[in-house]
Amino acid sequence: MILTDAEKALLDGSGGVARARAMELLVDYGRILGADRLVETTNVAGVPGQATPFLRAFFEPEGGQAAIFSRFDLDCDVVFDVPLAGVRTACLQSGVDPLGWQELGKPEAAFIASRDAEAYAGSLGVEMLRTCTPYLAGNVPVFGEHCAWMESSAVIYANSVLGARTNTEGRHSTSAAMLVGRIPYWGLHRPENRKAQDHVHVKVPVESVFEWGMLGYFVGEVAGEAIPVLDGALSQPDVVRLKHFGAAAASSGGVELYHLVGITPEAPTLTAALGDSRPDTIVYDETARRRVWESLNANGTDEAVDFVMLGCPHAAIEQMREVAGLLDGKQVTSRLWIFTSRAVRDQAAAEGLLRVITAAGGHVLTDTCSAIGNAVPPGTRVVALDSAKQAHYLPAMMGIEAWFGTTAECIDAAITGRWRGVAP
Ligand code: F3S
């Protein structure tokens with residue numbers, strides 16, 4: 001791997017032990033990936049220093065938080081002082097809501113571990129966004145910006161909608177990148193790797209968040225880990241629609257980048273998105289859409305719903321407004337959890353939406369979700385979801401039945417306790 005003089009100096013310890021170890025980790029990682037150099041990154045999103053009760057107890061004898069970062073994040077044999085983040089770094093979602101951990105059924109030890117890890121990371125200059133939607137909480141990378149992000153739904157949004165460049169990184173590489181502002185130059189950092197490989201032609205109108213989620217689920221299934229380009233009957237999407245579209249495509253498949261002709265920045269035309277490749281066209285029509293809906297509802301048999309979970313990826317303020325509007329003056333009979341970021345929660349409180357949702361018996365939770373936090377209300381047998389991503393993961397993870405539908409259908413289930421969703 002070819003390193004610049006500045007990178008060699010960091011590797012040799014000119015920036016201190018922690019940065020030398022971080023460089024060592026990134027160089028090893030890059031070599032394994034076949035990268036011939038590193039690239040400067042100005043935007044990192046990971047989970048630096050975050051702790052569970054197990055990690056906390058395991059590393060307590062060696063020095064607590066510094067040991068978690070040195071030994072676990074950077075995979076080193078020694079414990080060292082960790083300097084301030086060298087580049088802008090955000091902390092993504094965790095497993096615990098600091099206000100709602102009891103509602104989530106978490107032990108106090110999990111809350112304490114998370115609280116102390118947050119204080120530690122904050123002291124290093126990490127922005128504690130605690131969300132899978134950093135782009136809704138103030139971190140919006142610009143076109144062409146090299147990032148080092150974790151979280152598949154955030155990665156696909158950054159690459160596709162914003163035109164930033166990131167692979168799906170892990171805890172170790174993001175914690176290292178945070179210290180030295182470098183990441184291996186491979187995969188989606190390289191412009192030649194960003195051309196579409198599959199072509200999906202959409203023949204059925206795709207307008208609502210629900211429709212965009214199903215289309216994303218279809219695209220992930222057919223594209224796998226390839227880069228798809230879509231054209232056809234797509235209405236103008238918005239942030240929420242693309243949030244659900246990308247999260248679904250990154251769940252049923254491993255899509256990290258997609259192009260929408262005439263909409264996303266690297267696809268002014270179909271030819272521009274495809275470059276030299278000319279793949280066969282895959283059609284998304286009414287039959288395909290029906291099949292996706294059936295597959296997302298495949299394990300729902302019992303219409304008695306005891307839990308409704310919304311906010312995957314974390315709800316945007318528009319979605320909080322929609323939920324509050326649907327709940328206004330009503331009462332839920334099923335448990336209702338809506339997950340969002342702290343930033344959106346604050347705005348929802350300012351608009352009076354939290355009051356409406358809480359008065360109806362719903363709970364607004366932050367920092368985590370049912371899948372990441374492994375949390376559903378005690379005794380849950382049947383859940384209703386408006387997220388294809390959550391419908392993909394949660395039933396298998398928690399051994400429960402799931403229904404997938406629109407947000408309005410889910411709120412109806414929360415109020416009536418019955419699933420009355422219909423196929424599109
Ligand atoms: Fe976010 Fe959890 Fe979904 S972290 S993307 S709400 S699985």
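When I say helix or strand, I mean a DSSP run, numbered from the N terminus: helices are H or I with at least four residues, strands are E with at least two. This is a predicted model, in which local features need pLDDT of at least 70 and side-chain atom pairs count only at pLDDT 80 or more, while totals for chains, interfaces and linings use all residues. Residues are numbered from 1 along each chain as its sequence is written, and side-chain values use heavy atoms, with hydrogens and water left out.

Start with strand S10, where Pro313 is placed. The peptide bond from Cys312 to Pro313 is cis, with omega near -15°. As background, most peptide bonds are trans, and most residues other than glycine have a negative phi. Arg130, which is not a glycine, has a positive phi of about 50°. Arg130 is in the loop between helix H5 (108-123) and strand S4 (147-149).

Next, the ligand. A residue counts as near a molecule if one of its heavy atoms lies within 4 Å of it. The residues around the ligand include Cys132, Glu151, Cys312, Pro313 and Lys389. Which element gives the largest share of that shell? S10 does, with four residues. S10 (307-315) and helix H16 (388-398) each supply at least two residues. By class, the shell has five nonpolar, five polar and two charged residues. Here Ala, Val, Leu, Ile, Met, Phe, Trp, Tyr, Cys and Pro count as nonpolar, Asp, Glu, Lys and Arg as charged, and the others, Gly among them, as polar.

Now the domains, with bounds from an automatic or database domain assignment. The assignment gives domain 1 (5-191), domain 2 (195-295) and domain 3 (297-416). Domain 1 and domain 3 each give the ligand shell at least three residues.

Between domain 1 and domain 2, the centres are 30 Å apart, taken over C-alpha atoms. With contact meaning heavy atoms within 4.5 Å, 18 residues of domain 1 touch 16 of domain 2. The two domains bury about 1,300 Å² between them, 68% of it on carbon and sulfur atoms; buried area is the accessible area (1.4 Å probe) that two parts lose on being put together, summed over both. Ile156, Ser160 and Leu188 supply 39% of the area that domain 1 buries against domain 2, more than any other three residues.

How many salt bridges cross this interface? Zero, by the rule of a Lys or Arg side-chain nitrogen within 4 Å of an Asp or Glu carboxyl oxygen. The side of domain 1 that touches domain 2 has ten nonpolar, eight polar and no charged residues.

The overall count is 26 salt bridges. In one of them, the side chains of Asp73 and Arg171 meet at 2.9 Å, N to O. Asp73 is in helix H4 (residues 65-73) and Arg171 in helix H7 (residues 171-180), 98 residues apart.
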